[in-house]
Amino acid sequence: MPASPRRKTPKSHTLATKTAELAMAAPQVVAHRMARMALSGPVLNQRDRDEFKRMSSEKTAAFQESWQAMWQQSCRAQWDIGAWVMRAMASPATRQRATPSAMAAQIHGAALGVMSKGLAPVHRKAVANAKRLSRTKLR
């Protein structure tokens, strides 16, 4: 019996999963770093200085990457929707009809794609930081 083909995970499921993971990871990272700030006192050691510098540079880089990914996905989505409408108008007898519900489905899928692309860099950094910081001691 041949192996069953892998089913593609819907974008909404992936987006929901990544959002939930981010919602769990971000407070862990914030709690660790706030505790570290409280314990460090007025004079920071090199380890604390490195961590606090990393905190701001990683956040900036992740959000820049996020905005870039969302912009690129928005351009792709606009192109895809435009091409879909043109195909539907060019051949109305085919199965691909430009009904309001079909158009809403196209726009919904495009929006999920943009949100998913935008969340990915922030999710990746937050989850990686939560794992890394869970293995490090505060002092």
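Trainee: Which side chain meets that of Glu-58 in a salt bridge with an N to O distance of 3.9 Å?

Mentor: Please note that this model is predicted. In general, side chains of opposite charge can pair when their charged atoms come close. Here the partner of Glu-58 is Arg-33, at 3.9 Å from N to O. Glu-58 lies in helix H2 (residues 46-90) and Arg-33 in helix H1, so the pair ties together parts that are 25 residues apart in sequence.

Trainee: Are Glu-58 and Arg-33 buried or exposed?

Mentor: A residue counts as buried under 20% relative accessible area. Glu-58 has 10% and is buried; Arg-33, with 5%, is buried as well.

Trainee: Which salt bridge do Arg-54 and Glu-58 form, and at what distance?

Mentor: Their side chains meet at 2.8 Å, N to O. Both residues lie in helix H2, four residues apart, which is about one turn of the helix. Arg-54 is partly exposed, with a relative accessible area of 34%. Salt bridges that share partners join Arg-54 and Glu-58 with Arg-33, Arg-36, Asp-48, Glu-51 and Arg-132 into one network.

Trainee: Where in the chain do Arg-36 and Glu-51 lie?

Mentor: The side chains of Arg-36 and Glu-51 meet in a salt bridge of 4.0 Å, N to O. Arg-36 is in helix H1 and Glu-51 in helix H2, 15 residues apart, and the pair links distant parts of the chain. Both residues are buried.

Trainee: How many salt bridges are found in the whole structure?

Mentor: A search finds seven. The protein chain itself has three helices and zero strands.

Terms used
Residues are numbered from 1 along each chain as its sequence is written. This is a predicted model: local features need pLDDT of at least 70, side-chain atom pairs count only at pLDDT 80 or more; totals for chains, interfaces and linings use all residues. Side-chain values use heavy atoms; hydrogens and water are left out. Helices (H or I, at least four residues) and strands (E, at least two) are DSSP runs, numbered from the N terminus. Buried means under 20% relative accessible area, exposed over 50%, partly exposed in between (1.4 Å probe, protein chains only).
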